[in-house]
Amino acid sequence: MTMVQDMPDTSIPTPHESPRPTIGALFRRRPELVSLAILIAICVIVASINPAFLQPSSLIDMGRASVVTGLFALGVFSILAAGGIDVSFPAIAALTMYSATLFVINVWPTAPMALVVLSTVVGGAALGALNGWMVHTLKVPSLIVTVGTQYLFRGILLAFIGTVWLMELPPQMIAFGKAPLLEFQSGNGVTVTLPMYFLVFPAAALLTWFMFNKTLMGRAIFATGGNADVAERLGYNQRIVHIFVFAFTGALAGMAGIIHVCANRMANPFDLMGIEIEVIAAVVLGGARITGGTGTVFGTITGVLLITVVNNSLVLVGIPSTWQRVVVGAFILLAAAFFVKRSQKS
């Protein structure tokens with residue numbers, strides 16, 4: 001007699017098996033990978049059209065250009081994660097950087113650079129905390145509050161502090177902007193320098209990552225962005241969360257402002273106007289949702305690099321710089337469409 005053994009049907013997964021994740025499912029779960037894929041594709045296309053894109057001088061220029069935008073974006077990501085939005089950070093940066101520079105020039109020309117930086121960070125944190133206090137106390141959307149404080153801070157700067165460009169900075173501020181981290185000679189004999197202040201961006205990114213992944217405050221911020229009422233019932237103090245997250249953003253804005261001054265070797269009270277749209281775009285492209293509760297530091301950095309590459313590479317492939325906003329706007333619309341489809345499938 002021949003024994004016939006039934007073979008198990010492998011066409012249907014057993015309860016212990018899980019289907020392999022598809023690329024679409026991976027992108028829905030990690031939306032920042034979409035921006036990373038677009039970033040890699042743009043770099044490959046631009047480098048194939050113009051190999052000068054991969055020259056160290058071009059890469060260092062983009063590294064320098066990413067610092068201020070990156071510091072702003074880390075702050076905006078923190079507020080978006082809490083379910084809010086801030087458009088006043090450029091005004092905070094302008095007010096603190098110009099006030100500190102004017103004070104050093106007219107009152108304390110030999111002030112240590114560490115104290116100058118500290119004053120802008122503390123001043124930015126104080127202005128940001130004011131935003132957070134008003135958002136919590138007035139119980140109105142943070143967009144409305146920060147639109148108002150944006151005009152308030154700009155008005156205080158231009159009406160009471162000054163409107164004159166400060167073209168001659170103290171030597172310690174010039175030295176801070178010129179201190180080299182990496183320096184070499186390019187092929188045409190020009191010295192290319194990656195400044196020391198570039199390290200501030202990765203340091204701030206590590207600090208932000210640690211805050212969101214290793215501290216109770218990070219969990220409180222995500223919980224508040226997910227559902228503020230539930231977060232409050234869980235015991236998270238909403239007043240502390242709002243004040244902290246806006247103060248953190250203000251501190252990063254103050255740091256970005258003083259770096260902007262030292263890098264450009266002049267203080268212009270009208271600088272940084274309009275940059276908020278570009279920064280918010282970078283954070284949204286990095287996977288953070290306007291509604292809050294989601295996002296990663298890695299995604300934010302990817303969004304910043306994507307915006308920076310777009311702003312610096314279009315000219316290399318023969319596209320006029322006026323098309324930068326068109327390209328960025330198209331990316332934002334594509335990201336919005338992706339997030340809508342993602343939420344529908346979820």
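I looked up the lining of the second largest pocket and found 8 nonpolar, 7 polar and 3 charged residues, where Ala, Val, Leu, Ile, Met, Phe, Trp, Tyr, Cys and Pro count as nonpolar, Asp, Glu, Lys and Arg as charged, and the others, Gly among them, as polar. I noted that this is a predicted model, in which local features need pLDDT of at least 70 and side-chain atom pairs pLDDT 80 or more, while totals for chains, interfaces and linings use all residues. Residues are numbered from 1 along each chain as its sequence is written, and side-chain values use heavy atoms, without hydrogens and water.

Of the 18 lining residues of the second largest pocket, I listed V135, T224, A228, Q238 and H242 as the closest to its centre. The largest share of this lining, 4 residues, comes from α11.

I then turned to the largest pocket, whose lining divides into 13 nonpolar, 7 polar and 3 charged residues. The elements that give two or more residues to this lining are α3, α11 (238-264), α12 and α14 (324-345).

Last, I checked how α3 and α12 meet. T69, F72, A73, V76, F77 and L80 in α3 are in contact (heavy atoms within 4.5 Å) with I275, E278, V279, I280 and V283 in α12. I sorted the residues of this contact into 9 nonpolar, 1 polar and 1 charged.

Definitions and conventions. 1 Å grid on protein atoms, 1.4 Å probe; cavity = no way out; pocket = protein on both sides within 12 Å on 5 of 7 lines; lining within 4 Å.
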